[in-house]
Every structure is written in C-alpha cells, then in structure tokens.
Amino acid sequence: MKSTFNNYPEIREAVRALCAEFPNEYHRKIDEAKAYPEEFVDALTQAGWMAAMIPEEYGGSGLGLTEASVIMEEINRSGGNAGACHGQMYNMGTLLRHGSKAQKELYLPKIATGEWRLQTMGVTEPTTGTDTTKIKTTAVKKGDKYIINGQKVFISRVQHSDWMILLARTTPLAEVTKKSEGMSIFMVDLREAEKNGMDVHPIPNMVNHETNELFFDNLEIPEENLIGEEGKGFKYILDGLNAERTLIAAECIGDGYWFMDRATQYVKDRIVFDRPIGQNQGVQFPLAENFIEIEAANLMRFRACELFDQGKKCGAEANMAKYLAAKSSWEAANNCLQFHGGFGFANEYDIERKFRETRLYQVAPISTNLILSFVAEHLLDLPRSF
Ligand SMILES: Cc1cc2nc3c(=O)[nH]c(=O)nc-3n(C[C@H](O)[C@H](O)[C@H](O)COP(=O)(O)OP(=O)(O)OC[C@H]3O[C@@H](n4cnc5c(N)ncnc54)[C@H](O)[C@@H]3O)c2cc1C
C-alpha cells in the first residue's frame, strides 16, 4: 500500500517503535477484559507524547495540532485505540488558550509529567443531546464557590483521569440574549468531587470505552477553578471541539490504513477457486475506492490542522475532515471484515474489535447528520433547520 502521506517521519517512526511494544494481542486482551490500557498510556506519557502540545516552558514539547494528530494516527494505525487517551490533547488546549497564568502554572507541568491526567470533558446531557445550548446543569455562585447541580451522560475516562473540564450554565437560558452565552467551564477535581456531590455510574457499551453517567448534587467548586470569563464557556469549548474533531479524523485515518493493510495482505494470501481472492475485481475495486477516500480525508485533515495551528478559523475543515475520515474508515472496516469472510469475526484477527471501535465515530463526538447540517447551513447558505 503506497500512501502519499509520509510526512513527519521522525515522529511516526518513534511512535511506531513505542506502539510495537504493545502489539494487537495486548489491545485485544485489554478489550476482552474491558480494562484500561494503563501501561500503554503510561508509556506514551513517559515518552512525552501526551504532552506534545504543552509549551516547553511548562514541560511539554510545544508542538502543534498537526504533530499531535500524527501521534494519534500512528496509535490507531498500530492496532491500538487513541480513544483511551486523546482527551488530554484537546482538553489541555482549552486550558492553554483560555486558562489564567496561575492555572497554567498549576496544571500544565503536572500534566506534562503525568502526575495528573486531564482526560475528561463533561458536555453531553441525557435530556438535551446535541442541542448543547439547552444544557440543564447549573453552576451558581455562592461566596467564593460555585455550586453544581445536574446530570451528564457518556462522560469518558472519568475513572482514569484526575481532572475534568465541565460545561455548566451560569446564567439561565431565558436571561441571555444569545443562547450560546451564559455557559462557563470549570476544572473539576474528580477524586474530590466523588466524595462531595458527584456520583459516577459506568455505562457498559459496545466498545471498550470507559464512559459514565454523572449526577451532581450540590457539588462545590472553588471559584478559582473557573476557566476564562464567566459566560463564555461555550465559545471556549467550541475551539476545543475543532481540535477534537481533527484529532479524531486522524485516528480514523490511522484505523483506515490499518484496515487497508490487513485487507490487502489477506486478499493476496487467501486462495479460493485456485487463485487469490484479491485477483477478482469485485474485491479490488471496493478496496481501491476505500484507499482513495482515506487519502482524500487525509488532505482535509492536514488542511484543518494547518489552519488550527495558524490560529485561523477551521470549523468547516475540522468538521469535513471528521466526516470524510470517519466515513472512509468505517467503509474500509466493513470491506476488511467482508473480505476476511468468517475469519473477520474471529477475535484473534482483531478486525471485529477495530470495526466496533471505528464505528463509534459516526456518532461521537458529533454525529454525521450534525456535520451535514453544519455544512448545509454555513457553507451552502441553506436555511437553518433547527
Ligand atoms: C462511547 C461514547 C463516549 C462519549 N464521550 C463523551 C465525553 O467524554 N464527553 C461528552 O460530553 N460526550 C461524550 N459522548 C457523547 C457524544 O458526544 C454524543 O453521543 C453525541 O454528540 C450525540 O449526542 P446524543 O447521543 O445525545 O444524540 P442525539 O442528539 O440524541 O442525536 C441522536 C441522532 O439523531 C440524529 N439527529 C439529532 N439531531 C438531528 C438534526 N437536527 N438533524 C438530523 N439528525 C439529527 C443524529 O443521527 C444523531 O446521531 C460520548 C458518546 C459515546 C457513545
């Protein structure tokens, strides 16, 4: 398989070398045990990869989203799942762009060394779903504290993170001029919160992804944990979401190449009717189509990264990269499974595991329909539908 994207060879080779110490068998066992890949995430942290985007003055390597995306891509391309640890990359960016000097000095060096993990972001709620501006979780200022009440759902890595960035309403929806105003973001010390008003209910699910329902009952947060200005949290979160979408696009691209590697190798080796199944154009053409679409998604992903790293608007590109990458990896997954015949279903081939993992990205962190709706409204100037 000859991809036209071999940029950042030093990063790729170094991440591949680390990932090679954690072969598919390791990730398969973690998946079967529904466990968290602690050793893998620790190895990535100790090697400095999880601190790639933290500036050097705070102990990181000061790289951009482009390089971070290459790291995430290589993890998925190796057979692993960056979903276990990608939260830190975009959460940390939110803190970096909007946190005060004191907050950056407090959190970033400890995140860089791995003493603290900032893997969790709490946005989604059960009764509002994608309609984020209608969130019902509130943060009410009382003296030098904010009191949090409400509920979140599908909040990932809570049990394997030390801190969460939480989105809550500080001004009721009825009292704001724009519905995107009046929400704020806070740093929440997860272990402290568990003792003081936050209940965590794990949600068993189809992928090995630690995700939870959270209930807040008068959880107190010190006022100094507010990030940036009160009321502007939604805008801050949106910046982070563009980074998240682009990183997840890169992960899907990594998955896509993994499926292509597996599929092309297998169809060359598997002999049925006295010839390799890959000699049939009915097998070749879908794989060729998958490859073209992954390469095209890659172009859009690097465009989104470039704009983000230049501090320019990249909402359209980040959304389109996520759409193309998630779609192409899912279609490559489907063909990889199909051309493995019965063997695709056997756990030891890892295809069914990666198939489940890449399927998630049709829905989270944003569903395909919502991206189409964004493009229709903002790029095609069609009437807003909701
Ligand atoms: C494993 C997992 C991990 C997650 N981790 C996190 C996390 O860490 N933090 C967090 O905050 N959230 C997290 N989420 C939540 C995720 O971001 C949401 O599931 C996703 O944004 C979709 O929201 P929803 O589930 O409420 O779907 P809904 O908003 O209820 O939408 C359901 C479906 O309806 C369709 N739909 C909805 N509105 C429209 C429309 N206007 N036009 C057309 N179609 C529409 C779409 O097909 C959509 O998929 C996670 C989810 C999963 C499954």
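One term before we start: two residues are in contact if their C-beta atoms, placed from the backbone, lie within 7 Å. And keep in mind that this is a predicted model.

Now take Ala321. Which residues does Ala321 touch, not counting residues up to four places away in sequence? There are Arg245, Thr246 and Ala249, then Ala297, Met300, Arg301 and Ala304.

Ala321 also belongs to the largest nonpolar core. That core has 104 residues. Ala321 is among those with the most contacts inside it, along with Ala68, Phe186 and Val188. Helix H8, residues 233-269, gives the largest share of this core, 18 residues.

Next, the ligand. There are 21 residues around the ligand. Val123, Gly129, Thr130, Ser367 and Asn369 come nearest. E3 gives the largest share, 3 residues.

What is the make-up of that shell, by nonpolar, polar and charged residues? The shell has 10 nonpolar residues, 11 polar ones and no charged ones.

Why does the ligand lie between domain 2 and domain 3? Because domain 2 (120-231) and domain 3 (235-379) both give residues to the shell around the ligand.

Last, the record. In an unreviewed entry, UniProt lists residues 10-115 as "domain: Acyl-CoA dehydrogenase/oxidase N-terminal". In the model, the span 10-115 is 63% helix and 0% strand. The end C-alpha atoms of that span lie 27 Å apart.

That's my tour. Over to you.

Conventions:
Residues numbered from 1 in each chain as written. Predicted model: local features only at pLDDT ≥ 70, side-chain atom pairs only at ≥ 80, totals over all residues. Near = placed C-beta within 6 Å. Helix = DSSP H or I, 4+ residues; strand = E, 2+ residues; numbered from the N terminus. Nonpolar A, V, L, I, M, F, W, Y, C, P; charged D, E, K, R; others polar. Domains from an automatic or database assignment. Core = buried A, V, L, I, M, F, W, Y, C linked by C-beta atoms within 7 Å. Buried ≥ 20, exposed ≤ 12 C-beta atoms within 10 Å, placed from the backbone. UniProt positions renumbered as here; feature names shortened; annotations may be inferred.
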